[in-house]
Amino acid sequence: MRSMRIMAVLALGLVGAASGQIASNPSPADGALHPQTSARLSWSPGVGAVSHDVYFGEDYDQVNEATQASGTFLGNTTNTWFLLGSTGRPYPNGLVPCTTYYWRIDEVEADTFTKHRGPVWSFSVTGVPPIADAGPDQTITDADGDGSEPVLLDGSGSTDPDGWIVSYTWWTSPTGDPADLQMIAQGPTAMVTLPVGTYTVTLIVTDNGCATDSDTVVITISAGGGDRLRGNITTTDPTGIVHVLRHVMVSLDWGGTQHPTYTDDNGDYVIDMSSDSTFFVGSTVNGRLRVTLEDEGDGTNPYIKVYNNNTANPIFAETARFSLGTNNDLQQNIDLSNNPNIDAATLPISIANLDDAAIIYFHTYQALDFALNTLGLTLDYALPVEVLAWGGGTWYWTGWTEIEIGAGDSDFTSGNRPDNREWHEFSHHIMADSIIAGDNALPQRHTGMPPWTAGDTNHGGYGNHCTSDSWTEGFAEYNSCLIADDTGDPIPRCYAIAGNACAFDLEANWEAWDLWGAQRPEEFAVAGLLWDLQDGTNAADSDWIDLSVAELWNQLNDVNHENVRDIYLTLNALNWAALTGDDDNDGIDNLDELFISHGHFSDANGNQTYDAGEVVGFTGDAARPNRQATPEIPGSYVRVDVIDSDTLEQVDVSEFDVQMRVDPPHDYLNVDFTIRKKDDGSLYFTMPPRSYSAKAYIYAKKNGYHDSTPLVMDSSFYWEKIQEPGLQYLTEHTSYLTPAEVEIRLVTLTSPSPSDKMGTLPTSISSVSEGQDYYIEIWASDVSSTNAGLASVYVDMHFDPCSVAMVQEIDHGGIFTLSKSGTIEPWGIDELGGSCQAGAGKGRQWARVAVVKVRAEVSETVCCSLTPSEAGVAAIGGGLIPWSEVILSGDMCCFSSAHPAFSDWFAAGKPACWCYLRQCHGDADGNKAGSSKAGYYYVGPSDLNVLVASWMVKEAPYGPGIASIEHGICADFARDQEGSAKTGFYRVGPSDLNVLVANWLRKEPPQGTGIEPDCLDSP
C-alpha cells in the first residue's frame, strides 16, 4: 500500500517546490481592480518551467483544488501570458463587471510529469470609473430662524463613461472632524436638513462595474430671521399610508389679513411674511391657518373643488388660533385625518368626515394630474369641476360638470375608491372637455346623436340599441386603469368595484354580449378593447397591436367619436402597418381581429361568431342623460362564513385573498388580489369571461391562522349560476381557519424551571442587575388540532443591546436531547434546539427545548427574540412545519422603547430580521456565505434574492404591501419609506439597493475589512 501511494504522488507530479520554481509577479496584480472586460494574464515563469497549466474561474475553492479534469482548467501554454474575454478566447462574451476572478499557474517541467503548483491569485473586474459631480457650492439662509434649513443635494450631473451609476451616497462630518464622517443621504438627489454652519459634503458614486469616484460640495447655512410660515398638508388613510395633498389651497389669517398660497408637489407650502412687521418670534398676534379642498388650477381659477353636497359649502379646515412663541411655531404641519389643532367648531362638516373629504380631493387630483401631464389635455370647460361629497348617488352630472359621490361611497372605506369613484367620474369630465366628445360639449348633445330609444338605460350595455353609452362608460373604466398605472398600481389592468380589487381584468377579452343575468356590461368589452390597443402584443389573445398611450389618445382626441364604430373608422383610416398587418396569417388584419375578439362586429345572423362579410365595429349610437359609476352586477356575490376549526366559533374576517388561476395559454391573466367584505357580509365576486377556463381560490385572511378550506370556484359554475334570475348569492361557503400548528415561547427566569414539561408557563422576569446570571428557556407546544406531537424544534435566538449579555452555557434538559445544537455567535445563538423520540408536546403540554445561562453585562430590561432557523420545526408523522404555521413569541424586545429606531421597528411589525446585527448593511437573511479559504461575507446573492422579490412592492392601497412578500421587510436595509403619495409608498427600493451595493461581498477578517455589526446600535 505504501509503495502504491508513493507512485500515485509521483504520477501526479505533486512534489515540493522551491520559491523560485513557482510562477510569480502576476498581472493583473493579486487583488487588483481591472477596468476592462478582457484580460491579458501574464506572469514570471519558475526556474525549469517549459510550459504552464492555466486555471481560471469565479470560485476560489474550485480554482484552488482544480486538476486538468476540472472545468476551470483552460489549457497548457508555452507562453508566459494568456488572453481571455474576447472572441475566440475563453469567456468570448467578456468578463462580468462586479465579479472577482481567481487564477492559478502550475509550472510544468520538461518531463511533463513534474509540476510546481502555483498560488491562487485574484482580480476584480470594474470598468472605467464613473465621474462624480456633487454640484456647485451652496449658501442658504435659515429663513424661518429655526436653526436649520433643508438643502437639496444634487449629484445628477455625475456620469459613467462605460455603463451606469448604481449607487450615490452623501457623507459629511457633523462635528467637522474627518474621523466622524457619516452618511447623510442616498440617491442622485436628496433633501437633507442641516443646522446653521458650514459643511463639506462628499458624494461617492459607484457604477455597475463596481468602480467609484467622489466629489465634494461646500454647504453653508447662514442664520436668518423668522419671516416665513411653512409646513406640509397631508392626510393618512386607515392603512397608515400618508398622502400629501398637492396644490391645495392654504391661507394664513394673521391679524385679520389673509395670506393665501398653495402646496407644492410634495405637499409643502411657504407663506412669506417678511412684509408684515407683526410676524416675529414672540408675537402675540393670533393667527389661524385654513386649508380649503380646492386646487391651484391655472394660477387664476381652480380646476377642482370639493363641497359638502351643497355648492355653497366648500370643504375647509381651520386650525385653532396660535401665536409665535418659539421658532417651532413657524412650522405648521396639518394632517387632516388626525390633527388636534383643527378647530371642529369652524368646519362645514363633521371632523370625523374630514379625512373622507381629504382622500376624495387626493384621488381627484390624481385624475386631474393625469389629464394635464400625461394626456396633455387643456382643461377649460365649465371649471371648476365641483366634487360633491355625501350626495344622493355617485355620478358625473352632465348639466353642471359636477361629480357627485353618494353618502355611502364618500366614506374612507368605500370599496369603490378610487377606480369606480373619483377616477371613473373625472374621466367623464376628461371626455366632455376633449375633442372626443366634441370639445366642450356634453356627449349626449353631439350633433346628429339619435334620441334614446325606449328601453335604453345608462350601463344598459348590449341591451341598448347602440354602443354610445358603452363607449362613454368603457372610456371611463379604461382611463381609470391608465391612472392606476400612472400612480404605480402593481396590477393597473384590474378595475376595482365594491371592494373587489380585480372585479374586471381588462386584459381579458370581454365580449359585447357577455351576460350576467339580465345585465350585459358591454362597456367592459369597450374598456378591454382600448386597453388591448396599447398594452403590448399578446398572441394568445389575438392581440398584435402595441400603440403607446399618447398614440392612441392623439387619435381618439382628434375628432368627435360618438360610438365604437367611430373609433374603428378613425384607426382603420390611419393605414398603419401595425394595424393593417396580419401577424397570425388568418386572413383578418390585426385591427379587425382585436375588435372581433371583443364582439365588436355586426353579427348579422346572431350567432355571436364572426362570419365573413360582417361589418367590424358597427354597433350603432345612443345618447343618455347622465353617466353614473359602474353598478355592481346583480347576483355576483358570495357569502363566506368563517369558523375557528378548534372552537367551532364564528370568526370576524373583513378581508379575503383571491388567487385567480387561468389555464394556458391565457395564464398571463393569473393575478392575486384582495376582496373586502361589504357591509352586509357578502363578497362582490366576478370571474374572467366565459371564453377562458379559470379557477378562483378565495382564502379568509387572519393573522395567526390559515384557511384550510378555501372557497374554490371555476368559471363554468360561475357563468352557469349567474344567469339565474333573482339570484342573491352565487354560492354560500364555510371556511375553517386552522390556528398555528406550533407555538414557541421564551421565558426568562432567575433560576431554571424544575421540570421539562408544564401545563402553564411561568412569568418572565423584566430586568436584571449588572453581573447577574439569569436563564432564558425555550418552550414549545403542539397546538394543532391533530395533536401529533413535536419531533424536533430548532430556532435562532437574538440578543438586543438593551440587555447586553454573555452566554455562559447551553443545556437541553431531558426531552430534546437528540441532535441537539446551538452555536454561540456575537449576535446570539444559531440553530438552538434538538430532536426527541416521543411527542414532546402531546396533550397540549409545554415542553422545554433548551435552557441558556446568561450573564448580564448591564443592568437593564431583559430583551431577546426568536427567529426562524434553517433546520426548523417538525412534527411526528407530519414532517417539516412551515414557519407561517409557527408562532414565535416571548420577550420580543429587539429594540428598547428608548431606542431611536423603536417606533419604526414597532410600526413595521417588530420584524425579527431587524435584530440581525448587519441587517441595515444589506444582510437580509442573517446568514454568512463563502468559504474559510476564500473568505466569509454576510451580504451576497441570497440577500439580493430577497431584495429582488421585494423590489418596489407598493403598500396599500396601491399594492399588496411588503408584508405579502416572504421575508420582504428584511430587504428594507435603509429602514425608510420610499416613493410618493402620487405613485404609492414602498419599503424596498433604490436606497436599499445602494446599501446592498455598498456592502456587496465584503469579506470578513482576515480576508477583508468586514461589516461592523452595529445595526442595533444605530437606526
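Visitor: Where is the place of His921?

Guide: This is a predicted model, in which local features need pLDDT of at least 70, side-chain atom pairs count only at pLDDT 80 or more, and totals for chains, interfaces and linings use all residues. Residues are numbered from 1 along each chain as its sequence is written, and side-chain values use heavy atoms, with hydrogens and water left out. Helices (H or I, at least four residues) and strands (E, at least two) are DSSP runs, numbered from the N terminus. His921 lies in the loop between helix H12 (902-907) and strand E52 (929-931).

Visitor: Is His921 buried or exposed?

Guide: Buried means under 20% relative accessible area, exposed over 50%, and partly exposed in between (1.4 Å probe, protein chains only). The relative accessibility of His921 is 19%, so His921 counts as buried.

Visitor: Which residues does His921 touch, not counting residues up to four places away in sequence?

Guide: Contact means heavy atoms within 4.5 Å. With residues up to four places away in sequence not counted, His921 touches Val939, Val995, Asn999, Ile1011, Glu1012, Asp1014 and Cys1015.

Visitor: Is Ala604 buried or exposed?

Guide: Ala604 is placed in the loop between helix H10 (590-597) and strand E32 (627-628). In space, Ala604 is 6.6 Å from Glu614, C-alpha to C-alpha, and the two are ten residues apart in sequence. The relative accessible area of Ala604 is 70%, so Ala604 is exposed.

Visitor: Is Ser42 buried or exposed?

Guide: Ser42 sits in strand E3 (residues 39-44). Leaving aside neighbours within four places in sequence, Ser42 is in contact with Asn25, Pro26, Ser27, Thr80, Trp81 and Trp103. Its relative accessible area is 16%, so Ser42 is buried.

Visitor: How many residues does the largest nonpolar core have?

Guide: A nonpolar core is a set of buried Ala, Val, Leu, Ile, Met, Phe, Trp, Tyr and Cys residues joined through side-chain atoms within 4.5 Å. In the largest one, the residues with the most contacts inside it are Leu336, Phe426, Phe504 and Phe685. Helix H3 (residues 354-374) gives the largest share of this core, twelve residues. The size of the largest nonpolar core is 137 residues.

Visitor: Are H3 and H5 roughly parallel or roughly perpendicular to each other?

Guide: Axes are lines fitted to C-alpha atoms, for helices over the stretch in contact, and angles run from 0 to 180 degrees between N-to-C directions. Angles under 35 degrees count as roughly parallel, over 145 as roughly antiparallel, 65 to 115 as roughly perpendicular and the rest as oblique. H3 and H5 pack at about 85 degrees, with their axes 10 Å apart. H3 and H5 are therefore roughly perpendicular.

Visitor: Which residues in H5 do those in H3 meet?

Guide: The H3 side consists of Gln366, Ala367, Asp369, Phe370 and Thr374. In H5 they meet Asn479, Leu482, Ile483 and Asp486.

Visitor: At what angle do helix H5 and helix H6 pack?

Guide: The axes of helix H5 (residues 468-486) and helix H6 (residues 523-534) are 7 Å apart, and the packing angle is about 45 degrees. That angle makes H5 oblique to H6. The value asked for is about 45 degrees.

Visitor: How many helices and strands are there in the chain?

Guide: Of the 1019 residues of the chain, 52% count as buried. Among contacts between residues at least 6 apart in sequence, 68% join residues at least 24 apart. The chain has 14 helices and 55 strands.
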